[in-house]
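Subject: Structure handover

Dear colleague,

Here is the structure I said I would pass on. My notes follow below it.

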Amino acid sequence: MRAGSLIERRSIDVVPDEERHGTAFSQFTLWLGANLQITAVVTGALAVVFGGDVVWSAVGLLAGNLLGGAVMALHSAQGPKLGLPQMIQSRAQFGVRGAVVPLLLVILMYVGFFASGSVLAGQAVGELTHTGDTAGIVLFALVTAVTAAVGYRVIHTLGRVASVICALAFVYLGIRLLDRVDLSALLGDAHFDLPVFLLAVSLSASWQLAFGPYVADYSRYLPRTTSGRATFWWTLAGSALGSQWSMTFGVLVAATAGEKFLASQVGYVVALGGTGLVASFFYFVIALGKLTINVLNTYGGFMSMVTSVSGFRGRRVLSQRGRAVYIAVIMAAGTAVALLGKDSFLSSFKDFLLFLLTFFTPWSAINLVDYYLISRERYDIPALFDPHGRYGAWRWDALGVYATGLLAQLPFLATSFCTGPFVAPLGGADVSWIVGLVVPALLYWLLARRHTAHIPERTADAPLPDQEPVSRER
């Protein structure tokens with residue numbers, strides 16, 4: 001992406017220093033805007049829907065947002081240093097082609113989040129345009145795809161706009177909600193229940209950890225001199241504040257509205273704001289918040305698909321038409337899932353969130369241990385595009401650790417379609433995500449620290465000889 005250009009001209013290649021721009025504060029506005037939205041409200045509400053009280057649900061959600069957000073922000077800090085999308089860097093751990101294994105699951109995640117976001121945004125768009133949910137979902141998907149196709153700069157602009165508008169809207173909605181509830185009674189009804197508390201922690205931790213596979217995509221254009229600590233703290237602050245704000249609102253709504261909220265999440269929130277033009281404004285706010293996050297999902301899915309294909313086909317030029325095709329595939333798949341599942345959204349969303357944790361906690365553990373403890377932020381970037389280079393095509397040791405991390409979680413997993421034998425002794429609590437972080441992190445550290453010959457003395461980012469970057473568009 002040339003300096004000052006609106007349309008991005010890169011995808012998975014290294015961003016050169018002359019194209020770097022922005023400050024670490026941009027991560028705060030992007031992730032604040034991405035989390036002040038209706039799906040985060042629903043996520044918080046689930047903690048109450050499944051048995052929690054207001055106090056301990058809010059505390060559990062805060063713990064999960066901080067713990068998961070810290071892991072997510074550590075990934076964000078990799079962006080300015082390497083100038084690469086997140087999943088390309090995974091090739092250093094899993095191999096140029098082996099990285100496809102977690103990538104396929106990442107793409108599934110993007111489609112799932114695109115679909116869940118489109119269901120709620122489609123309701124808002126359908127009300128605004130008076131066309132109904134189905135047409136609203138399709139229209140929203142088209143706008144999302146066009147925005148994602150423009151790329152990085154417009155995504156950050158959208159985040160800045162959404163962070164201001166959605167923050168003001170949530171302040172107003174919060175005031176309206178507090179006028180209707182007996183807050184002292186809700187706070188006085190606290191009763192700690194460990195399994196329900198851990199469910200709240202898991203819901204918000206999974207929300208944050210799911211950003212990990214693409215968070216560096218949105219920090220990679222920052223100047224190389226950008227402080228890693230600044231990137232970490234601004235990312236964590238924006239994501240944790242935005243999500244906790246939305247989720248706490250969801251907790252209060254679910255605790256006071258009950259069936260009214262469950263019957264129509266979008267309708268209830270808009271009615272809380274007002275009627276007439278005020279209602280139209282809040283439908284717009286809901287659509288804007290969902291647009292911000294769904295653009296991230298679409299853009300991240302596009303990056304992951306290009307990364308997967310290029311691992312087998314090598315480095316090649318990506319045309320504007322090719323970029324559009326990748327984005328269209330993500331849009332079509334997500335829209336199809338949204339249309340098929342729009343009538344059973346709430347019942348399936350909790351299991352979807354918790355199931356995501358099973359796949360992404362081992363990946364995060366391996367990636368972060370390798371980057372910060374084994375390689376110590378040093379990568380041979382050209383070798384990330386060469387299956388015959390120092391990282392090889394497949395790193396079976398890392399893939400074995402990843403598989404072990406997946407299997408280690410199963411006895412502790414509690415979902416409607418899979419409940420492990422250790423769930424009942426723990427009172428029904430799901431602690432699989434903790435196992436999924438600790439076990440692969442420890443195993444990978446023990447294994448990888450004995451084999452460090454592939455680690456360069458410093459980060460190398462020169463282009464491969466006689467080859468154009470994969471993502472330079474013409």
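Predicted model: local features only at pLDDT ≥ 70, side-chain atom pairs only at ≥ 80, totals over all residues.

The crossing of α11 past α12 is right-handed. On the α11 side, the contact is made by Ser204, Trp207 and Gln208. On the α12 side, Ser239, Ala240, Ser243 and Met247 take part. Sorted by type, the residues of this contact are three nonpolar and four polar, with no charged residue. I quote both angle and distance because two packed helices are described by the angle between their axes and the distance between the axes.

Now the chain as a whole. It has 19 helices and zero strands. Its radius of gyration is 22 Å, close to the 23 Å from the globule rule for 474 residues, so the chain is as compact as a globular protein of that length. Along the principal axes, the C-alpha atoms fill a box of roughly 65 × 50 × 40 Å. Buried residues make up 61% of the 474 in the chain. As for contacts between residues at least 6 apart in sequence, 87% of them join residues at least 24 apart.

- His130 is not a glycine but has a positive phi, near 55 degrees. The loop that holds His130 runs between α7 (100-129) and α8 (133-150). With a relative accessible area of 74%, which is over the 50% cut-off, His130 is exposed.

- Arg376, also not a glycine, has a positive phi of about 50 degrees. Its place is the loop between α17 (345-374) and α18 (396-409). Arg376 counts as exposed because its relative accessibility of 55% is over 50%.

If you open the model, the contact of α11 with α12 can be found from Trp207 of α11 and Met247 of α12, which are among the residues that make it. The two positive phi values can be found at His130 and at Arg376.

Regards

Definitions and conventions:
Residues numbered from 1 in each chain as written. Heavy atoms only, no water. Left-handed = near helix turned anticlockwise from the far one by under 90°. Helix = DSSP H or I, 4+ residues; strand = E, 2+ residues; numbered from the N terminus. Contact = heavy atoms within 4.5 Å. Nonpolar A, V, L, I, M, F, W, Y, C, P; charged D, E, K, R; others polar. Rg over C-alpha atoms; globule rule 2.2 N^0.38 Å. Buried < 20%, exposed > 50% of the residue type's maximum accessible area, 1.4 Å probe, protein only.
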